[in-house]
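Subject: Structure handover

Dear colleague,

Here is the structure you will be working with.

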Amino acid sequence: MNAVIELQKDLIEPSKKLSDILPKAYLIAQKLKLDELSQWIKNEMKGYSNVKECPDYRHMSGVLKGRNPYVGWQVIQIPDMELENKVSNFVETESIRTLESLIETKEVLYHTVPAELINILHLDGCTQLGIYFMTTSYRSVIEAVRQELLDWTITLEKNGIKGENMSFLKEEVKKAQNTTPATIINNFSGDINALQMAQNNETVNQSQDNKKSGGLLSAIWSGIKKLFSW
């Protein structure tokens, strides 16, 4: 059995979930001693612990909404485009399996925004803020990972790396060292932070990790001061 070809077959089979394919890809990467690729696959399997490690395809955006107890969720218009981008952009750190599960719910999702922003924006009557987005946004994340893995297996095949019965020759391991896709090595740095994720319900835990929310609040506060010339 050719391990690389079998992985290709799994990746192009629409009925197979990516979360079920990733362990096989991880095993192959480990056997080929590809540390960076192995770590990337592991992050996609388990979720990212550090937002700065997330590749570009996990940078997402939504619509900022505020919840009023009398009228429900309403879109909040921010006149400053730069500030709006800082507020409505986020980085998704959850595992592929979690994203697949959320897509299956077929619900609109949102990330909670630090409650301090309510006072900063002077949103009277607003009790909660969230960045709303469609679950279809997650499909692009899943397809990006699937495509990266497929392209990688094609490179392996072109270099004669097969992995018969899930075993690789020393020559194959050596050839594989330059096959890690450059696009998965992320150089991201900035103020965008991962925010707490919740489904579209009325019960949301508002607690935030200060280390995660601090950068976002700082960016928002700077934008607010610029907007009002404070």
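The side chains of Glu104 and Lys17 meet in a salt bridge, with N and O 2.9 Å apart. I use the term for a side-chain nitrogen of Lys or Arg within 4 Å of a carboxyl oxygen of Asp or Glu. Glu104 belongs to helix H5 (residues 96–105) and Lys17 to the loop between helix H1 (3–11) and helix H2 (18–31), so this pair ties together parts that are 87 residues apart in sequence. Helices here are DSSP runs of H or I with at least four residues, strands are runs of E with at least two, and both are numbered from the N terminus. Lys17 counts as partly exposed, at 37% relative accessibility. The cut-offs are under 20% relative accessible area for buried and over 50% for exposed, with partly exposed in between (1.4 Å probe, protein chains only).

Please keep in mind that this is a predicted model: local features need pLDDT of at least 70 and side-chain atom pairs count only at pLDDT 80 or more, while totals for chains, interfaces and linings use all residues. Residues are numbered from 1 along each chain as its sequence is written, and side-chain values use heavy atoms, leaving out hydrogens and water.

By the rule above, the count comes to seven salt bridges. Another of them joins Arg58 and Glu44, whose closest N and O atoms are 2.7 Å apart. Arg58 sits in the loop between helix H3 (35–46) and strand E1 (59–61), and Glu44 in helix H3, so the pair ties together parts that are 14 residues apart in sequence. Arg58 is buried at a relative accessible area of 0%, and Glu44 is buried with a value of 0%.

Glu143 and Arg146 also form a salt bridge, at 3.9 Å between the closest N and O atoms. Both lie in helix H7, three residues apart, or about one turn of the helix. Glu143 is partly exposed at 45%, whereas Arg146 is buried at 11%.

Leaving aside residues up to four places away in sequence, Trp40 touches Tyr48, Pro55, Tyr57, Val145, Glu148, Leu149 and Ile184, a contact being heavy atoms within 4.5 Å.

Regards
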